[in-house]
Amino acid sequence: MSGLEIERKFLVRKGGAFKSVAFSNSHIVQGYIPAEGATVRVRIRDEKAFLTIKGKSDDGISRYEFEKEIEMDEARHLMELCRGGVIDKRRFLVRSGAHVFEVDEFYGDNEGLVMAEVELKSPDEPFEKPDFIGPEVTGDRRFYNKHMLKYPFSLWRDSIPEDYR
C-alpha cells in the first residue's frame, strides 16, 4: 500500500465497552528504525509482518504512507535495528457507520491508554463516532506511538481526564 494516510485519533472511555462490539482483534508489537525526516516502523501483527514508512504531517491529520508486507524473519532482523524499545498493544476493530475504528489498548509503560483511530478519504469526511469515543487527540504528539516510546503514558497519564486513563 502506498499513498496519503488521512486519520483522526481519539481517546477511548475506560471500561472496555469497545471490546463487546469489536469484530476482530490482534496483538501488535512494533518498533522504529531511526530515520531523518520520516518514520520507519517494523510491525509484527499476529503472524504477519510489515515495514511502513511515513512522511511528516503538516496538519496532524494527513501524511504520505508506504506499507509493505515482509517475511517474519526479515521483521525479526529489522527489529534489531529499532531503538527505544517496542510498542506492545492489542488492536480491536469496530464498525461504526461506513467506517472501521481501530481501537488500541496499550501494554507495558503505556498501560491504561486506549486510543481509537479512523482512516478517512479526506480530512473533512463525515463519520459516526461510537459511544465509547471521547476527545479528539489528532495532532497531539503525546499520542504518537513513536513518541510514546520515549515519553510513555505512565509519565503523563494524570494530564488527561480520569474517564480516559
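I6 is located in strand 1, which spans residues 2–12, where strands (E, at least two residues) and helices (H or I, at least four) are DSSP runs numbered from the N terminus. Because its relative accessibility is 6%, I6 counts as buried, the term being applied under 20% relative accessible area, with exposed meaning over 50% and partly exposed the range in between (1.4 Å probe, protein chains only). The C-alpha atom of I6 is separated by 9.9 Å from that of D124, although the two residues stand 118 residues apart along the chain. The model is predicted, so that local features need pLDDT of at least 70 and side-chain atom pairs count only at pLDDT 80 or more, whereas totals for chains, interfaces and linings use all residues. Residues are numbered from 1 along each chain as its sequence is written, and side-chain values use heavy atoms, with hydrogens and water left out.

The protein chain contains 4 helices and 9 strands, which follow one another from the N terminus in the order β-α-β-β-β-β-α-β-β-β-β-α-α. Of its 165 residues, 45% count as buried, and the C-alpha atoms of the protein chain fill a box of roughly 40 × 35 × 30 Å along the principal axes.

In contrast to the buried I6, E71 counts as exposed because its relative accessibility is 57%. E71 is found in the loop that lies between strand 5 (62–70) and helix 2 (72–79).
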